[in-house]
Each structure stands twice: as C-alpha cells, then as structure tokens.
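Take a slow walk with me through this fold.

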Amino acid sequence: MADPKALIIPAAGSGSRMRKETPKPYLMLEGCTILERTISAFIPLASLRQVVVATSEALLEDTRDLLKTILPDHIDGLAVVGGAERQHSIRNALDQIADEAELVLVHDAVRPFVEHRHIEACCQAASEVGAALLGVPSRDTIKHLDDQHMVRETPPRSQMWQAQTPQIFKKELLTEAYRRAEEEDFTATDDASLIERMGHPVKMVEGGRMNIKLTYPVDLELASLLIAKNRK
Ligand code: C5P
C-alpha cells in the first residue's frame, strides 16, 4: 500500500508578470482554467487523499466549487486563504493537512503539463530520501551576479539544474522546515531550500522540459500549442 499523500497547490499569486487582471491559475486555457488542468494531473496518483489550494479571499468560493466538481469522492478538497509570499501561502495550507498524510507534494498552480511518470518517480525518491524535487539540467550557462550586475562567477553548467515542482517531502520534515524558517524569519522561492538549510539531503529527479511555469504572456501561447499537440 503506497504512502497516503496530500497535495498543496499555491495559487494565491497576483499574476502581475502575466499583465492580466485575473490571477494566472484562473485564466482559461483551451476551455478550462489552468488550475483545473494542474489539479487534474494529480488525480490518478495512488493514495492521494487530500488537495489543499491556497488562494485569494475573493476566489475562495470559486476554488471550493472547482474542487467539488473535479475531485473524486476518495480525495478531500480544501481551499484556504494564501499569504503575501508563496511560502506564507504554503504555510497556511500545511496547517490543514490531515494527520494520516505521510508524503506532502507541493506543486505550483501554473504548471499544468507535469507528467504522471515524473510525479511517480519523485514520490518514490521522497519516500526513500525524505525530500525530492523535479528539475531539468540547465540548458543555459548560469551567471552569478553582484548587486551592480557585474558577473561574480560562472558555476559549471553540468552542475546547474532548474528546480521545478512537484517538490515532495515526508510530512514531519516539511513541517519542521517551515517551523524553523518562520522562527528564523527566512524566506525562499522554493520549499526544498528550507530542507537544505536544515542540512537534510534533497534528491533531484529529472523531470520533463514541458513542465514549464506559465509566467509570461508568451507562455500562454506556448501552452495552447502544447494542448493542441497532446490532443493529436
Ligand atoms: O510567483 P511564483 O512564480 O513563485 O509563483 C509560483 C506559484 O506560487 C504560483 O502558482 C502562484 O499562484 C503561487 N503563489 C502563492 N502565493 C503568493 C505568491 C505566489 O500561492 N503570495
């Protein structure tokens, strides 16, 4: 029997980089919202028992309705109000995770193209190591800059990977990492960073290049093309 799992979806971003009034996860993409597509990618996951979406106060009811419509009976759906930063949104969702969950998956609301086989591989690694994330080798050389935009160093590209989601953790480990980050007033742009700074190992699992984070207007055009291609 696989570990009982809970999924947290941070969806409370304002979407300013997309230059739209509607927050990104709630934009329509070829007939349904990005959020619906994203959550649907996780429904076939074995032992998924709970989905918690962090959203804005204004979209709380719409999100509850969406969860009711798309989730099968064996998966419990909850919507909570998010916070000012992604990390605060996840903190609020983490408070609602059911006791029975052993693994917690965190996945950006705006990554609808994650593949099932990669989610499974990441769950397997998280069960073994305690913490795992999907990513891809960086195709570009990465420059580390100083505050004046001068290049400080060029880390070897073969060691540079782009972090994606899902990022998957044993529940106790993630809860402890969030407790410490809050205590020490530390914020990061992903969850794995909070585990790393505790000195705990985190495993990188190779994911897919299509698991993009829909961030800029051009990404929506790319997303429509991907959906059309997947329909063929
Ligand atoms: O801003 P960023 O690209 O890191 O957003 C990644 C995800 O985090 C998005 O799904 C966004 O809706 C969510 N987010 C959130 N609460 C915030 C900021 C971002 O749930 N305060």
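The ligand takes up the space of the largest pocket. A pocket here is found on a 1 Å grid over the protein atoms alone, as an open set of points with protein on both sides within 12 Å along at least five of seven lines. A molecule sits in one if more than half of its atoms lie within 2 Å of its grid points. Before going on, bear in mind that this is a predicted model: local features need pLDDT of at least 70, side-chain atom pairs count only at pLDDT 80 or more, and totals for chains, interfaces and linings use all residues. Residues are numbered from 1 along each chain as its sequence is written, and side-chain values use heavy atoms, with hydrogens and water left out.

Ala12 brings a backbone N or O atom to 2.8 Å from an oxygen atom of the ligand, and Gly13 has a polar backbone atom 2.9 Å from a ligand oxygen. Lys213 uses its side chain instead, with a polar atom there lying 2.9 Å from an oxygen atom of the ligand. Taken alone the ligand would expose 460 Å², and the protein buries 86% of that (areas by the Shrake-Rupley method with a 1.4 Å probe; for residues, only the protein chains shown count as cover).

Pro10 also belongs to strand β1, which spans residues 5-10. Helices (H or I, at least four residues) and strands (E, at least two) are DSSP runs, numbered from the N terminus. Six of the six residues in β1 are buried, where buried means under 20% relative accessible area, exposed means over 50%, and partly exposed is in between (1.4 Å probe, protein chains only). In a regular strand the side chains alternate between the two faces of the sheet. You can follow that here: Lys5, Leu7 and Ile9 point one way from β1, Ala6, Ile8 and Pro10 point the other way, and all are buried.

Which strands does β1 pair with? One is β4 (residues 48-55), joined to β1 in the parallel sense over six bridges; strands pair if DSSP finds at least two bridges between them. Within β4, Ala54 is the bridge partner of Pro10. Another is β6 (residues 103-106), which runs parallel to β1 and is joined to it by four bridges. There, Leu103 is the residue opposite Lys5.

Ala11 counts as buried because its relative accessibility is 3%.

Strand β7 (residues 131-137) is largely enclosed by the rest of the structure, because six of its seven residues are buried. β7 pairs with β10 in the antiparallel sense over six bridges, and Val136 has Gln162 of β10 as its bridge partner. β7 also runs parallel to β11 (residues 203-206), with four bridges joining them, and Ala132 stands opposite Lys203 in β11. Strand β10 (residues 161-170) holds Pro166, and the peptide bond joining Thr165 and Pro166 is cis, with omega about 10 degrees.

Next, look at Asp191, in the loop between α5 (171-183) and α6 (192-196). Is Asp191 buried or exposed? Asp191 is buried, because its relative accessible area is 0%. Its side chain makes a polar contact of 3.0 Å with the side chain of Arg86 and another of 2.4 Å with that of Tyr178. A polar contact is a pair of N or O atoms within 3.5 Å; within protein, one must be able to donate a hydrogen and the other to accept it, and residues adjacent in sequence count only if both atoms are side-chain atoms.

Finally, two loop residues have a positive phi without being glycine. Glu30, at about 50 degrees, lies in the loop between β2 and β3 (32-33) and is partly exposed, with a relative accessible area of 38%. His149, with phi near 65 degrees, is in the loop between β8 (144-145) and β9 (151-153) and counts as exposed because its relative accessibility is 63%.

Terms used: On a 1 Å grid over the protein atoms alone, a cavity is a set of points where a 1.4 Å probe fits but cannot get out, and a pocket is an open set with protein on both sides within 12 Å along at least five of seven lines; lining residues have an atom within 4 Å of a point.
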